[in-house]
Structure formats: structure tokens, C-alpha cells
Amino acid sequence: MAKLTFVGGIHPYDGKDMSKDKPIKAVLPKGDLVYPLSQHIGAPATPIVAKGDRVLTGQKIAEASGFVSAPIYATVSGTVKAIEPRRVVTGDNVMSIIIENDGEYEEVEYSPVESADQLSKEEIIGRVKEAGVVGMGGAGFPTFIKLSPKEPEKIDYVIANCAECEPYLTSDYRRMLEEPEKLVEGMKIMLRLFDNARGILAVEDNKPDCIELLKKITKDETRINVKALKTKYPQGAERQIIYATTGRSINSSMLPADAGCVVDNVDTIVAIYHAVMLGKPLMNRIVTVTGDAVADPRNFIVRIGTNYHELVEEAGGFKEQPVKIVSGGPMMGFGIFDLDVPTTKTASALLCLTQDDVSKMEPSACINCGKCVEVCPGRVVPRKLADFAEHYDEEAFLAHNGMECCECGCCSFVCPAKRPLTQTIKSMRKMQLAKRNKKPAPKQEKAKA
Amino acid sequence: MSDLMKVSSNPHVRSKVTTSSIMMMVVIALLPAAGFGIYNFGIDALILIVVTVASTVLTEFAYEKLMKKKVTIGDYSAVVTGLLLALNLPSSAPWWIGALGGIFAILVVKMLFGGLGQNFMNPALAARCFLLISFTSIMTNFECDTYTGATPLAALKSGEPVDILSMVIGRTSGTIGETSMIAIVLGACFLILLGVIDLRIPGSYIASFVIFACLFGGHGFDPAYISAQLAGGGLMLGAFFMATDYVTRPITKNGQYVYGILLGILTGIFRIFGPSSEGVSYAIIIGNLLVPLIEKITLPTAFGMKGGKRA
């Protein structure tokens, strides 16, 4: 029996009203475009263009290298200016292809199909792989791998993650309102791959208009259901959404496929639709530019590689000096110190805040209040884990299921002593994962935005 | 834009609830009980409350100054300790009892163990027990201008009749803050509504105590006896305000039920079989000592681990 929620979670200020009522606006890049070769989980892509080459919109500029990897495509026409390290949202310098936009947007020819029925399952997966589609909710796991589990006939549910539980983000909401057919068509393509599966469009109940619209569109689809989930962060985290919609639970060492599920977020499913039906590679995504520092918060359809500066300009610039800028949502996003970074496949939002809760609030002693235990969707004891992590007590950390933390941030959010619980646990997990990496089985572990 | 932004690891937002706001809410929740105590016992009670709170706050301040540590009296936890201790003193106690108790609570029980969050016993209760053992006659003298004779719980134990209505309202003798069940429950409801405490510990504590009293109290299921036991003595104050003390109760959800049941049984044993009519303070202190063990056996099963495979 499906319980449409999970145990734990929080209700932060959601800030969605700032941007949710404005239609998505297309942005044309003005400056150079930067394509980091690593915008996905797995091996960085290998460049197949050289400095000085002319490229067209939609032309492949970097090839997947290895099984877990994804190709990258030019999103404008122009000249390759350089291949050099550039800073990305995480603060790392990543080897990137830089393309000077000639402003002509000359496109390559795509190979659309009339209907997905013309294609075999292998061809569908091949098209998704070739298009460089990765999980666009934040994790960036190559989608074709999710679509080709070992036993596709054992997949019972294909879940479209339309929860959008991150505060401030409205990109999935706008996408569902403006292009719901693409989402439903994308879902139908996915269902073609899994004969025994049912499709679930899982939407948080703070978006009743989307739920109604999707229900209307899918009323004749016998294999697709729309489910309204309780609004609560992190409802859109992979493990939580599987539990909420199917009642099945998986731990950190299992894949959704182990519970007979495939989960993808709205933008990813639309990208699958584009890749399979239109033959178009992944070239753009919707980015919510929002926050109380932004003059005109709204959603933009952005060509990947566009500089963040341009997005802020499109949103009317800053009406107030921001103190904190986050790429992604406030719970799972990356704090960035400078706007001079490119939009990537996984950049769901640009959040500009005039206040920084974190630097304002000094951590103090833990009073053992238990709020972190109360809200933890992973059902661990964050207070203890953070303690073990601080003392680098690996054994106790592992024994107390430290690896089951999904880094959703709920514990840090509620902590009245403002202790950096998530952050501390996360560093320990990173160290442990690095140790474990002898057997390379990458997993997608992040909450979807 | 030349200024660099602030960076930090996610999450980037925090709730508005802080340690000091929680402590402040506890202080507010204790005001009905304190107010009733002052109304019931007069100016002596007020003086004792003021002295005890001043003593706990000043001790913390002085210790931190002397040890060159960050002064933390702004988190109001010392106020909570002082107030709770005062509510556990008889109004007839001299002022220095409050002052000494406050120093013991903060200096010995709290600061020497590392300050807020590190003490393994509830400071207010530990100080009360310290005073009870050291100054037994003062601490058990409940005679004052308004009341003479035994506390209702002592009367109940020796088989004398008690007036349950006045016990519920609080017009009886006892410590300053424990007499009025109504005032305590009012404050507790405030904390429960604000989500500061929940019913796991008080509920299992009171329920298990009631069951224990029915089984071993010698009165069977006698509503009059049970309600007198509930309304009398420190049970309500202890269950809602001291057993729920964050620092000294288990952090795991199941552990909190275990802890509550344990307290109920211990209180029952002390009240029914012990020499004294009261047992809440000792029950909670002993419960505090068992918290690490309770936490150890009640760790929650992580999400997806039930029947799941581990790689």
C-alpha cells in the first residue's frame, strides 16, 4: 500500500511564489559559452574538437569516455576558442571547452521520428545515450544506464519525480504547466522499455494545478497514474519518493532498480522525449533565477554553457546586493563565491539571497534536543554521527549507519544549536566513499531538486 | 561585481528556532507553576525563586569568566535550571538553600562536566537531591504560614484522607512549583503545542506509573487513590519538565518510551515501597544514569535497512 509520504522531513520557507507565476523565458547567450567536460557522474567526456574549429548548434564537441559518462554538445554555433580549465559551481577548476558564439545559431540536422513505436528498445536507449541525457535534478547520473537495468522485465514502476521539494525552485512546476504533453510523452517512451511497469507522475500537493492538468491529460492512459504527495522536504529525494509512491524502501547500497523502480525528474524525462522523438541532444534546461536579491525572479530556458552573469542580467539584475549565491536550491545547492561560472546540465537554479543564515548563526553546544532524529528521513541519529565524524571514529560511524545519510540537510536546518551536522557527516561520508571506491559502482545518491 | 560571496556547504538555510528560544519557551511554560507557587505560599516563594535563579546565572557567568570561556548565560539554560530548582524547594527554606543549590547545580553538575549539553544528570534535580540528603529537615519542612501538617502525598501514604480537588488546583502544601497540577499541565500544553516537548516521555511515564500503582499500590484500581497519586507530589512537574530535559533523556524515539516506562516503575517503587512518600527526583536521576545504555539498545533501524541487503 502506498503511503504518499515518509517519516521525518521538514517544512522550510518555500519562496516559490517569487517565480512561479511567470512563464518561462528563453535566453540567448551573448558572451562565450563554457562546457565543463565533467557535468555528470562518471568519467569526464573527451573533447573531439580542437582550438579554432567551427562548430554548429547541436554538434557533438566531446565524446563519452567509458561506460559511465556522457557526451557534450555545442549549444550555439561559433568557434572553439580554447580548451582549458575553468571554474565551475563546486569551486573546482574543470577542463572545459570554450566556444565563441557567432550569434547565428546555425544548427545541425536532427533525425526526428514520427513515433517511438518505430524504434526498438535498444534504439531508444541508444538515442538517449547519444544525446548525453543525464539526471537533471542535480545528481547528473547518465540516464541511459538507469534505463537499462539488468532485468528490465522486473521494473514495476517508472516514477516521474515531479515533487520539486527544494524551496524556491519552480522550474519543474513551470515545465509541467507549460509543456505537460512532453512529460507524458517522455513517460510513454520510458514505459515502452519496461513492459511490466506502470508510470507514476508524483507531484507534491502544493501544485494542485499541475496535478489537475496531468490528470486531465493522462485520463486515457491506462498505464500512467498521477499521485499527489504530501508537501514536505525532501519528498523528491529518490529513496523517499520511491517509498511514498510504492511503499518500497531501499538503502544506500541499493539501486532503485533493486526495488523495481526507475526514477527520473521532470526535466530529464522531457530531455528523453527530445532525444528520442526529435533526435535532439541535451542542449538546454530550465533554470530558476530567484531569491530576494533578484529584481525579476523567474524561470529561463537556458542554453547549457551560458554564464550565470547573463542569467542575472536577464532577471533584471540585483535590486539589492546579495550576500549569498547558491547554484541549486537552498537545501542541496552549492554556495558559489562568484557568478563567473557556466550553466551545466545539472544547474537547476540560481538563488541569490540578501541574508546568509549560516554565517549569521554561530554554532553552539548540542543540547541533545533530538530534533535531528525527529526529522531525519534516513532514520539515523545525526547528532551521534556528527560526533563520530568530528572525532574521526570510523568504526562507530559505520556501525551507526552513517552511510545511510542522504545529505538532505534536514538536521542542519532544524538544529537549534545551529550545528553543521549535515556538513560534518557529509565530509566523513566522502572519505568513506573514497575508501570504498576500489569497486567502482557509482550510485546516484542526491536528492532531486 | 567585485565582492566575493559567502560560501558554505549545503544546506544554506536554517530554521528560526534556537537554543535560547527553546529555553525561553521553557521559562515561559514554567511561569504558571511559579506564579501559582507565589500566590499559594506568598512572598517567601518569590524571594527563593529570585535568589535561586540569580545564583545559577551568576555561577555560570563567574565560572566562564574565571575559566576564560565564552559566556553562555544568554542561552537561558541557567535560568531554566534555577527556576526548576526553586520550584522544587519548600517555601520555608532559607534563602541560602536556594543559593547553595544553584551553585551546586551549575558548578558541580553542569560546568565541571563540560557545560550545556554535557551533564549526565539533570542539574536542578541533582542539586535537589544533594540538598535533600544534606539538609533533610529543612528540605522536608513543608510548614509555612498557610499550611501546617503533612503534604497530601505523605498523608495519602499514611492512609489519611486527602482532598483531590484542592490537590488538582494546588491549594496544598508541598514544594513551590509542584502543587498545582492545572498550572503545570497548562505550561506543558504550551510546550507541546510549540513542539518543544512531546508526549512520548510524559505519556509513557505517567501511564506506566498508573499501571504500577494499580498493581502494587494496595488499593487496586481505585480512581481516588490513583488521581491523588498523580496530582500529589512532584510527578507532574517531573514528568513534563524534568524527565523531558533534552540533555539527560535518550535521543532515540524508542529509547524515550523505554525511559518513560523505567521512570514510571522507579517512581512507583520509591513511592510505594520506599520510606519517603516522594520518589520522582530519585527516579529521574537514576533514569538519567541509564540513558547511554538505553540509547545503545534503541538505535533506530535506518531507512531501507529492514530486510534489505547490504553490499
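In this predicted model, B:P11 lies in the segment before helix 1 (19-41) of chain B. A:P234 sits in the loop between strand 11 (224-229) and helix 7 (238-246) of chain A. As a general rule, most peptide bonds are trans, and most residues other than glycine have a negative phi.

Positive phi values are the next topic. Just after helix 11 of chain B, B:G233 adopts a positive phi of about 70 degrees. In chain A, a positive phi is found at A:R379 although this residue is not a glycine, and likewise at A:K418, another residue other than glycine. The backbone angles are collected below.

| Site | Angle | Value |
|---|---|---|
| A:R379 | phi | about 55 degrees |
| A:K418 | phi | near 60 degrees |
| B:G233 | phi | about 70 degrees |

A:R379 belongs to the loop between helix 11 (371-375) and helix 12 (382-390) of chain A. This arginine counts as buried because 21 C-beta neighbours lie inside 10 Å. A:K418 is placed in the loop between helix 14 and helix 15 of chain A. With 20 other C-beta atoms within 10 Å, A:K418 is buried; the cut-off for a buried residue is 20 or more.

Helix 11 of chain B, residues 223-231, has B:A228, B:Q229 and B:A231 as its buried residues. Their cover includes helix 7 (152-157), helix 8 (164-169), helix 9 (181-193) and helix 10 (200-216) of chain B.

Chain A is assigned domain 1 (116-278) and domain 2 (371-436). Taken over C-alpha atoms, the centres of domain 1 and domain 2 of chain A are separated by 29 Å. Seven residues of domain 1 of chain A are in contact with six residues of domain 2 of chain A. On the domain 1 side of this contact, three residues are nonpolar, three are polar and one is charged.

Between the chains, 53 residues of chain A are in contact with 37 residues of chain B. On chain A, at least two residues each are supplied by strand 15 (324-327), strand 16 (334-336), helix 10 (357-360), helix 14 (410-414) and helix 15 (421-436). The side of chain A that touches chain B comprises 27 nonpolar, 16 polar and 10 charged residues.

Methods
Residues are numbered from 1 along each chain as its sequence is written. Chains are lettered from A and ligands numbered from 1 in the order in which they are written. This is a predicted model: local features need pLDDT of at least 70, side-chain atom pairs count only at pLDDT 80 or more; totals for chains, interfaces and linings use all residues. Two residues are in contact if their C-beta atoms, placed from the backbone, lie within 7 Å. Helices (H or I, at least four residues) and strands (E, at least two) are DSSP runs, numbered from the N terminus. Ala, Val, Leu, Ile, Met, Phe, Trp, Tyr, Cys and Pro count as nonpolar, Asp, Glu, Lys and Arg as charged, and the others, Gly among them, as polar. Domain bounds come from an automatic or database domain assignment. A residue is buried if 20 or more other C-beta atoms lie within 10 Å of its own, exposed if 12 or fewer, and partly exposed in between; C-beta atoms are placed from the backbone.
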